[in-house]
Amino acid sequence: MTDIEKPTLVWLRDDLRLADNPALAAGAQLGAPLVIVYILDEMSEGIRPLGGAAKWWLHGSLEALSKDLASRGQRLVLRHGPAVDVLLELSGEIGAGHVFWNRRYGGGERAVDAAIKTSLKATGVVVESFQANLLHEPWTVRTQAGQPFRVYTPFRKACRAQLPPRTPLPAPDALPLPLPDVRTDSLSDWRLMPTKPDWAAGLRATWTPGEAGARTQFQTFRTERLKDYAARRDEPAADVSSRLSPHLRFGEISPFQLWHGVSPEALAETPKIELANVDKFLSEIGWREFSWHLLFHQPDLATRNFQSRFDAFPWPAVNEASLVAWQQGRTGIPIVDAGMRELWQTGFMHNRVRMIVASFLIKNLMVDWRIGEAWFWDTLVDADAANNPASWQWVAGSGADAAPYFRVFNPVLQGEKFDARGDYVRTYVPELANVPAKQIHAPWKSGGVAGYPEPIVDLGATRERALRAFAQMREEEVDSSSGFTDD
Ligand SMILES: Cc1cc2nc3c(=O)[nH]c(=O)nc-3n(C[C@H](O)[C@H](O)[C@H](O)COP(=O)(O)OP(=O)(O)OC[C@H]3O[C@@H](n4cnc5c(N)ncnc54)[C@H](O)[C@@H]3O)c2cc1C
């Protein structure tokens with residue numbers, strides 16, 4: 001067999017799509033028999049095991065991808081275990097001539113990919129990786145001093161100064177035949193779906209994982225929501241954001257498709273859309289790029305403060321009852337409870353409300369941001385290794401370009417401003433369904449509502465406590481920097 005006739009192995013990871021998938025396109029183009037594999041790797045060092053909601057999504061996404069491949073005469077091979085072992089074994093088993101994948105940017109993932117690449121190359125296999133999931137790969141964007149960015153606006157400016165993102169690739173019309181007899185796990189054996197209890201009814205009612213679901217979602221966004229995006233994206237009841245985050249997380253749609261999908265040419269068919277909407281949307285895609293830039297340069301972003309001065313923050317012991325009240329949406333603060341219940345029911349939460357509930361946990365309950373981050377990791381369908389810790393650190397004040405710690409969100413004012421009619425709260429907190437808009441964000445001020453808890457903390461007093469803790473951290477900073485050093 002010549003090298004060109006040897007089978008090609010395409011390893012899919014966070015890129016569960018046929019369109020705009022450079023690794024798959026390269027495999028299709030070679031024309032040799034093609035094996036397409038997904039590996040469930042919950043064991044390799046530095047790779048964060050998926051949370052419950054993300055596992056639910058992954059099951060649906062793999063199921064959809066298998067069907068899409070079957071309709072093109074191909075199949076998805078499923079294997080599990082440490083990716084280094086599994087991939088090298090499979091490559092040897094099929095006698096692969098080429099192995100292709102799209103690049104990943106997390107620290108553990110990069111270590112795995114580098115180890116595999118070295119081993120495969122040593123045995124004469126051609127390995128190639130591609131840019132597929134970020135518009136700007138982290139090492140290509142640098143400050144003038146050659147450093148990684150720590151502030152968003154100049155980062156975005158530097159990205160915009162680069163060449164425009166490449167045109168997305170179409171899904172391959174035809175794929176080479178699979179190799180027969182390659183063993184595959186059965187998806188159901190992976191037990192990604194919850195059973196006892198089955199808590200996923202709300203997720204099923206809300207989402208359609210998979211590439212077709214992503215495409216429909218993006219189309220709806222372009223034709224119905226984008227026109228109001230800039231003006232109303234902060235209103236949780238308005239439903240104008242794209243809700244593409246879980247699709248992006250699993251790579252069912254690429255940022256290249258989004259970027260080109262909102263270009264003037266692509267929008268020529270839709271009703272007129274003010275440019276500000278497109279700019280705002282691309283700016284949010286830019287925040288995703290920024291988070292990955294940060295994670296690339298600090299792989300332990302989910303556990304270590306980006307600003308090390310926050311290592312001295314005096315977190316008190318966790319009050320378990322308060323933490324559980326937050327998790328269950330029973331804090332007595334309506335907008336917080338609505339958000340936490342939206343999360344529990346649907347695996348998603350509106351961006352503005354994510355900021356409010358995170359601020360409440362960190363600043364009013366004084367719970368370490370890492371505990372909130374971990375809860376989101378387990379419950380969000382879009383739990384993203386970069387966006388989640390970067391955003392939690394942003395709210396905590398310890399992150400890059402972060403909201404200052406002393407800016408404590410007032411959840412009552414936030415609710416009154418962004419959910420002025422109370423519609424969002426009413427959707428997720430039925431106990432408050434009959435409370436008039438004027439009282440709905442602070443029902444305790446008008447005597448409370450039967451069946452709905454009183455606030456678990458005093459917002460004013462806890463705000464002051466948080467500010468004192470912050471001041472204490474700063475004093476320690478001054479103390480420690482005023483000492484003599486050896487150099
Ligand atoms: C505490 C906290 C935790 C978060 N955790 C996650 C997470 O695990 N996964 C995740 O994808 N996003 C996370 N975000 C960012 C943001 O809330 C979601 O991306 C957004 O709400 C998803 O809704 P959408 O797809 O309708 O967004 P749109 O407004 O339609 O934005 C389009 C896309 O841009 C990206 N994006 C939007 N806002 C942000 C942001 N602030 N930072 C980074 N990327 C952004 C997302 O990929 C999103 O799908 C978090 C934000 C906070 C405050």
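From which domains does the lining of the largest pocket draw at least three residues each? It draws them from domain 2 (134-166 + 210-297) and domain 3 (308-477), with domain bounds taken from an automatic or database domain assignment. The model is predicted, so local features need pLDDT of at least 70 and side-chain atom pairs count only at pLDDT 80 or more, while totals for chains, interfaces and linings use all residues. Residues are numbered from 1 along each chain as its sequence is written, and side-chain values use heavy atoms, leaving out hydrogens and water.

**View 1. The largest pocket holds about 1,100 Å³ of space.** Of its 41 lining residues, Arg233, Glu284, Trp287, Asn351 and Ser391 are the closest to its centre. (A pocket is an open set of points on a 1 Å grid over the protein atoms alone, where a 1.4 Å probe fits and protein lies on both sides within 12 Å along at least five of seven lines; lining residues have an atom within 4 Å of a point. Points are joined across faces, edges and corners, and the volume is the space filled by probe spheres set on them.) Helix H11 (275-297) is among the helices that each supply at least two lining residues, and H11 gives the most, with nine. (Helices, H or I with at least four residues, and strands, E with at least two, are DSSP runs numbered from the N terminus.)

**View 2. The second largest pocket holds about 740 Å³ of space.** Among the 37 residues that line this pocket, Asp14, Ile47, Glu109, Arg249 and Ala385 are the closest to its centre. Strand S2 (34-40), helix H4 (107-122), H9 and H11 each supply at least two residues of this lining.

**View 3. The ligand has 28 residues around it, of which Tyr229, Ser241, Ser242, Arg243 and Asn351 come nearest.** (A residue counts as near if one of its heavy atoms lies within 4 Å of the molecule.) An oxygen atom of the ligand is 2.5 Å from an N or O atom in the side chain of Tyr229, and for Ser242 the corresponding distance is 2.6 Å. A polar side-chain atom of Asn351 lies 2.7 Å from an oxygen atom of the ligand. Taken alone the ligand exposes 820 Å², and the protein buries 96% of that, with accessible areas from the Shrake-Rupley method with a 1.4 Å probe.

**View 4. A cis peptide bond joins Lys196 and Pro197, with omega about 0°.** Pro197 is found in the loop between helix H5 (152-160) and helix H6 (201-206).

Notes. Polar contact = N/O pair within 3.5 Å; in protein donor to acceptor, adjacent residues only side chain to side chain.
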